[in-house]
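Please open the structure in a viewer and keep the selection panel at hand.

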Amino acid sequence: MASPNDEPFTSNGAFAVELIGRHTQKLVSLQGPVLADRDPEPLHQMRVSLRRLRTCLQQFAPALRLPRAVGDPRLAKMVRRLGMARDLDVLRQRLEHELIGELPDGERKALRPVLKQLRRERALAYEQLVTALHSGGYLKLLSQLQGWLREPDLTPLGALPLRTWSQEWQAPMVAGLFQHPGWFIADRQGDLELVHDLRKRLKTARYGLENLGAVTGSRCRQWIAELRDLQELLGELNDLHVLEKAIDDQLPSGLARSVPVLEALLRGRAQACWGQWRQRADGLVQPERRRSLSMALLERRCPGQPQPGLLTVPALPSS
């Protein structure tokens with residue numbers, strides 16, 4: 001693969017190839033630890049890597065000619081398969097390590113069947129995950145992607161210099177972001193599916209901006225941090241909502257009657273999280289804040305400003 005100091009690396013295509021190669025290599029390295037299932041972290045990292053790979057392929061698609069097996073539907077299916085097991089890991093960790101210690105003995109006892117059911121569902125989700133990772137479709141995707149990386153096929157746009165096209169790669173990732181209806185759900189009892197969908201939209205925008213971290217200025221990096229914070233807030237809210245529903249479905253008398261202390265804990269955390277989200281969201285949809293994102297996309301690193309190598313793909317966060 002081209003060195004960051006080689007001239008070809010300054011092109012749209014070479015930059016995308018380096019980024020795609022990094023995600024692919026990480027996916028391959030995580031296969032063994034995920035199948036061993038001794039620690040939930042590799043599964044989390046594999047899910048993140050798949051999402052980042054999917055975003056990268058979508059973002060740089062006009063510069064790439066990819067094999068047919070490397071298609072978005074196949075990647076989306078794998079993200080969902082990993083997501084089922086990962087979501088159950090998160091629910092169990094929250095319940096076992098964050099919440100149960102704050103509950104009276106009677107409520108801990110009432111939750112034993114819930115924990116047992118969560119473990120049972122996790123075992124089933126893991127079986128489906130193993131099947132998916134061994135499936136012909138996934139193995140073909142990896143094989144063709146690795147083959148393509150050895151001899152990348154690029155469009156004419158892929159040969160053009162990244163520095164003169166970086167805004168065109170960034171802008172589509174945030175286009176229409178503030179028009180998403182999830183910003184305008186004023187009450188926690190509103191359509192939380194829209195808010196959950198906005199979280200995914202924020203994540204895609206963040207990943208897309210991070211991909212161009214080698215050429216963006218400080219204001220864009222501030223926006224990346226802002227999007228990450230918002231994504232984490234909505235992730236917390238979604239986790240609490242899913243956990244509340246999962247427990248309520250498992251207890252014959254429902255959450256509020258069977259475990260009132262836990263219900264109050266969950267409600268209090270969700271209300272605090274929602275209050276923080278609404279405060280941040282109300283500020284971000286203001287005209288001057290929306291304009292500041294557009295201006296950030298126009299800013300570039302100064303020639304003398306320290307950067308991670310000439311157009312080197314930046315180190316990416318693990319979430």
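The stops below cover helices, loops and aromatic rings in turn.

**Conventions**

This is a predicted model, in which local features need pLDDT of at least 70 and side-chain atom pairs count only at pLDDT 80 or more, while totals for chains, interfaces and linings use all residues. Residues are numbered from 1 along each chain as its sequence is written, and side-chain values use heavy atoms, with hydrogens and water left out. Helices (DSSP runs of H or I, at least four residues) are numbered from the N terminus.

**Stop 1: helix H5**

Select residues 112-133, which make up helix H5. The helix has 22 residues and reaches 31 Å from its first C-alpha to its last, close to the 32 Å expected at 1.5 Å a residue; the expected span is 1.5 Å times one less than the number of residues. Next, colour its buried residues (buried means under 20% relative accessible area, exposed over 50%, partly exposed in between, with a 1.4 Å probe and protein chains only). They are Val114, Leu115, Gln117, Leu118, Arg122, Ala125, Tyr126, Leu129, Ala132 and Leu133. These buried residues of H5 pack against helix H1 (12-36), H2, H3, H6 and helix H9 (218-250).

**Stop 2**

Move to Ser49 in helix H2 (residues 40-59). Ser49 counts as buried, at 3% relative accessibility. Not counting residues up to four places away in sequence, Ser49 is in contact (heavy atoms within 4.5 Å) with His23, Lys26, Leu27 and Leu30.

Then select Asp37, in the loop between H1 and H2. What is phi of Asp37? Its value is near 55 degrees, which is positive in a residue other than glycine. Most residues other than glycine have a negative phi. Asp37 is partly exposed, with a relative accessible area of 30%.

**Stop 3: H3 against H11**

Display helix H3 (residues 72-99) with helix H11 (residues 260-284); their axes come within 13 Å and cross at roughly 105 degrees. Axes are lines fitted to C-alpha atoms, for helices over the stretch in contact, with angles from 0 to 180 degrees between N-to-C directions. H3 is thus roughly perpendicular to H11, a label given to angles of 65 to 115 degrees. At the contact, Leu95, Glu98 and Leu99 in H3 meet Leu262, Leu265, Leu266 and Arg269 in H11. The residues of this contact divide into 5 nonpolar, no polar and 2 charged.

**Stop 4: Leu154**

Centre on Leu154, in the loop between helix H6 (136-150) and helix H7 (166-174). Leu154 is partly exposed, with a relative accessible area of 25%. Leaving aside neighbours within four places in sequence, Leu154 is in contact with Gly13, Ala14, Val17, Ala63, Leu64, Arg65 and Trp148.

**Stop 5: the aromatic cluster**

Finally, select Phe178, Trp183, Trp223 and Trp277, which form one aromatic cluster. Rings of Phe, Tyr and Trp (its six-membered ring) pair if their centres lie within 6.5 Å; planes under 30 degrees apart count as stacked, over 60 as edge-to-face and the rest as tilted. The whole structure holds 5 aromatic pairs. One of them, Phe178 with Trp183, is tilted, at 5.2 Å centre to centre and 40 degrees between the planes. Phe178 is buried at 13% relative accessible area, and Trp183 is buried at 1%. Phe178 also pairs with Trp223, edge-to-face, at 6.1 Å centre to centre and 70 degrees between the planes. Phe178 lies in the loop between H7 and helix H8 (192-211) and Trp223 in helix H9, so this pair ties together parts that are 45 residues apart in sequence.

Notes: Helix = DSSP H or I, 4+ residues; strand = E, 2+ residues; numbered from the N terminus. Parallel < 35°, antiparallel > 145°, perpendicular 65-115°, else oblique. Nonpolar A, V, L, I, M, F, W, Y, C, P; charged D, E, K, R; others polar.
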